[in-house]
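Biologist: I am new to this structure. Could you take me through the model?

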Amino acid sequence: MFLLSFDDRDPLAAQISAFGWRVSAARRDDNLKTRFLSAHALIAVIDVRDADGRGLHAIQDLTPLSVKGGFAIIALGDETSDSEIAQKCLRSGATHFLDIANPHADLRSAIDFAYRYVENVRGGAEVVQSFHNMFSESDDAWSYSTSDLSKNWVSDHLQRRLPSYDFQLYPITAIYRQLSKRERGRARGAMGRLKDGSAQAAVPHEIDGERVIHHLHQTDDRLYGRIEYLAPENADKDWTDRDILSGLRNSSAARVWIKDRLSSGKQIGLIALGLKNFRTINAAFGRLIGDQLLRVIGQRLMSETNRQNVDECLVSRFDGQNFLISIALENDQSPIADLAEHLLQSVFAPVEINGRNIQMIARAGIALSIDSRDEGLLLRRVSLALAEAIAADAVLLKVNSASDADVALEHQLEEQLAEAIDRGDIVVAFQPQMKVETGQLVGAEALARWDHPEYGLLGAATLFAVAERAGLMAQLSMHIHRRALSEAAQWPDSLSFLRLSINTTAIDLAAPGFVEQILDQVAESGFPRDRLTLEITESELIGDMANSVYKLSQLRERGVRIAIDDFGTGYSSLAYLKELPLDYLKIDSGLTGDIGGSAKDRVVVRSIINMAHSLDLLVIAEGVETEAQLELLAAQNCEYYQGFLRSSPLPPEEFEIFALRSN
């Protein structure tokens, strides 16, 4: 069976393999006739969904071979998207068509019907079976049972091609034993991807000096291998320098690719993609699950970018949980942001591993080589963009257009942060929180600032981005908590009714001693526990819901209130809101800013408020800047708000004056 699917190769290959077929699958239509003939297939399945032009062209390319060779072409389409797609496929030369989007579509039956067609055209079942037997022996192929290694098979053709390989003594490992150390690493990585659910995997290596691609796939308990020899003029540049874990190119290969193209005068665009909650996932599920997750991301990235030529696009695992898409740009640079947004949605969709549903929280950074010919500087810029996106909860995508001087400054700040924390340069400002109905001051949210001796006050986005890159998030968070509690504990008795809100990160929540640490800090400061609120962004909670519920419940039982922050930034879920021990829901400032616009915007905010009230939650609206916004919130019975309408974040001494005057 030969399969061409531009977008769904692996799922379709797995489905067809489960029917008992050996599948040679492709994502690209390059060298289509050669690929089909080398597969010795009797049926070609062409998936034309979302690529009808290229799919129809592929059918037309294979039709002359189909007529002469007597094989079937099954076109898979979606008639809900194009009511005439069946006729288009049949006119192009397809022998069969299946509306795969139809819930009653039966792919197995369609393949069986096509196979009977081939038998009739070729002169009967015995003739077709002889064809199969001939090519099963002429293939450079092998297989074995994973449950019973004694049930193994090596084609006669492969044994004759490699007479120096002792298949009698080592029927399963004869080829593996001849691989170099690096090639063995690639083979183990490919086997790991199969184990994690990938339908197929490929291992590039050499056999007696010849470059080959070793195609692997598994059906039930049997593993199959087939060797494709690469002609030197068609050798893929992508066959070396791979990251073993993910299957993608590694950072060294990416750096060389970028440097070569910058040297030749090309414009380069970089997209860095990172998992914001990877530490939480590792802490909750273990490193093995984390490694498997990186393999899944690698497979999805390869699937999403397979249409790009290697000279125009390179996909790599850059470091840790971060991935890099390097693209040679034309004059129009706008599609790079569209591609980044698409990858965030498609590649980082939820995945199930070992029965566990893993929710991924991803961010992206973009950098363009408009005025730079230094690959190191360009990589630094995209890293900064990704770090800023990760630090800013409400921002999914950040474009870095910084100058060389700005990049040098960021590097300087990373080196200075640890000393700044020790010296006390990281301070807090208090954002007043008001009651919507009366305008009464009810509390404050503590926000972090860096009081830099040279550059003045630096905001939270810069501070947390620097901390993330410097690996100081845990230390920074602990310092901010301690500083905020200490300052609030000094409020005079006349302000003893005010609540304090402090922000908590996923790293804090995942720490084994998180509950005890918070309670110890509160006790040390002397601030009343029952006036403290912990705010955590909704996306931070998804990594391990059970762990989050347990720890937050412990704190709530001891008097600490819990607020979910930035609600509505992309991960809102009524299901997990019902599970969490919450007291407050904070509406993200992006939604609040829209309520003065269209009626639809007001409906969204009203729905959120009604939902929160149905769950017995109080609502705090962030980013309120106008009286019109406040009036609309009051009409929807929102309880509290904060924003520049009443006050910007204030230093501790100014906040105390503001509070005393307000009440």
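Biologist: How many helices and strands are in the chain?

Modeller: The chain has 24 helices and 26 strands, taken as DSSP runs numbered from the N terminus (helices H or I, at least four residues; strands E, at least two). This is a predicted model, where local features need pLDDT of at least 70, side-chain atom pairs count only at pLDDT 80 or more, and totals for chains, interfaces and linings use all residues. Residues are numbered from 1 along each chain as its sequence is written, and side-chain values use heavy atoms, with hydrogens and water left out.

Biologist: What share of the residues count as buried?

Modeller: Of the 663 residues, 51% count as buried, meaning under 20% relative accessible area with a 1.4 Å probe, protein chains only.

Biologist: Which residues have the most contacts inside the largest nonpolar core?

Modeller: They are Leu417, Ile426, Trp450, Trp491, Leu500, Leu585 and Phe655, in a core of 72 residues. Such a core is a set of buried Ala, Val, Leu, Ile, Met, Phe, Trp, Tyr and Cys residues joined through side-chain atoms within 4.5 Å. Its largest share, 6 residues, comes from helix α16 (residues 473-489). Another core, of 34 residues, lies apart from it and includes Leu248 and Phe278.

Biologist: Changing topic, at what angle do α18 and α19 cross?

Modeller: The axes of α18 (residues 514-525) and α19 (residues 545-557), lines fitted to C-alpha atoms over the stretch in contact, cross at roughly 30° and come within 9 Å. The two helices are therefore roughly parallel, a term for angles under 35 degrees.

Biologist: Which residues of α18 meet α19?

Modeller: Phe514, Val515, Ile518 and Leu519 in α18 meet Lys551, Gln554 and Leu555 in α19.

Note on methods
Buried < 20%, exposed > 50% of the residue type's maximum accessible area, 1.4 Å probe, protein only. Axes fitted to C-alpha atoms, helices over the stretch in contact; angles between N-to-C directions. Parallel < 35°, antiparallel > 145°, perpendicular 65-115°, else oblique. Contact = heavy atoms within 4.5 Å.
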